[in-house]
Amino acid sequence: MQLPANFEELISKTEDLELYSKLIKQVNKDFLLANIDLDFDEEILPSSLKYLLHEAVFKLIQEKFAEYLNLLYIIDVSEEKIKKLDGSDALKLSEDVTFLILQREWQKVWYRNTYS
């Protein structure tokens, strides 16, 4: 499986395979498991999803770092990929982490769709 390289490619793949709503459900499920109060409507626009998720990740990094780490653990974002990110700018870091979260959630949805 070739992982999407950017947000636009990820959204394009989810829409091509008609898996966008399943991606939203997976994101909602994992945020609920992490006890983070964030619930997206399945009809949310991709740009709004990106913006709101980015905002939530930024706030977690700034205010609730333990919950942020727990979320990454629950979603199973690669620790190796996180360590490669530049942590000097929290805004840029949260943007990059947002993409890694969506990329991992996409991977889960794609595998479940392909192999079930």
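Helix H3 (residues 46-63) contributes 6 residues to the lining of the largest pocket, the most of any element. Helices here are DSSP runs of H or I with at least four residues, numbered from the N terminus. The model is predicted: local features need pLDDT of at least 70, side-chain atom pairs count only at pLDDT 80 or more, and totals for chains, interfaces and linings use all residues. Residues are numbered from 1 along each chain as its sequence is written, and side-chain values use heavy atoms, with hydrogens and water left out.

**Pockets**

Rolling a probe the size of a water molecule over the atoms shows where empty space is left. On a 1 Å grid over the protein atoms alone, a pocket is an open set of points where a 1.4 Å probe fits, with protein on both sides within 12 Å along at least five of seven lines; its lining residues have an atom within 4 Å of a point. Grid points are joined across faces, edges and corners, and the volume is the space filled by probe spheres set on the points.

The largest pocket holds about 240 Å³ of space. Its lining includes Asn35, Asp37, Leu52, Lys59 and Glu67, and the lining residues divide into 5 nonpolar, 1 polar and 6 charged. In this division, Ala, Val, Leu, Ile, Met, Phe, Trp, Tyr, Cys and Pro are nonpolar, Asp, Glu, Lys and Arg are charged, and the others, Gly among them, are polar.

The second largest pocket holds about 150 Å³. Helix H6 (residues 90-115) gives the most to this lining, with 6 residues. Among the lining residues are Phe7, Lys50 and Phe99; the lining has 3 nonpolar, 1 polar and 4 charged residues.

**Aromatic residues**

There are 4 aromatic pairs in the structure. Rings of Phe, Tyr and Trp (its six-membered ring) pair if their centres lie within 6.5 Å; planes under 30 degrees apart are stacked, over 60 edge-to-face, and the rest tilted. The Trp110 and Tyr111 rings are edge-to-face because their planes stand at 75°, with centres 5.2 Å apart. The Tyr111 and Tyr115 rings, with centres 6.0 Å apart and planes at 25°, are stacked. Tyr111 and Tyr115 lie 4 residues apart in helix H6, about one helical turn. Trp110, Tyr111 and Tyr115 form one aromatic cluster.

Relative accessible area is given below (buried under 20%, exposed over 50%, partly exposed in between; 1.4 Å probe, protein chains only).

| Residue | Relative accessible area and class |
|---|---|
| Trp110 | 19%, buried |
| Tyr111 | 36%, partly exposed |
| Tyr115 | 63%, exposed |
| Lys25 | 46%, partly exposed |

Lys25 is in helix H2 (residues 20-33).

Technical notes. Helix = DSSP H or I, 4+ residues; strand = E, 2+ residues; numbered from the N terminus.
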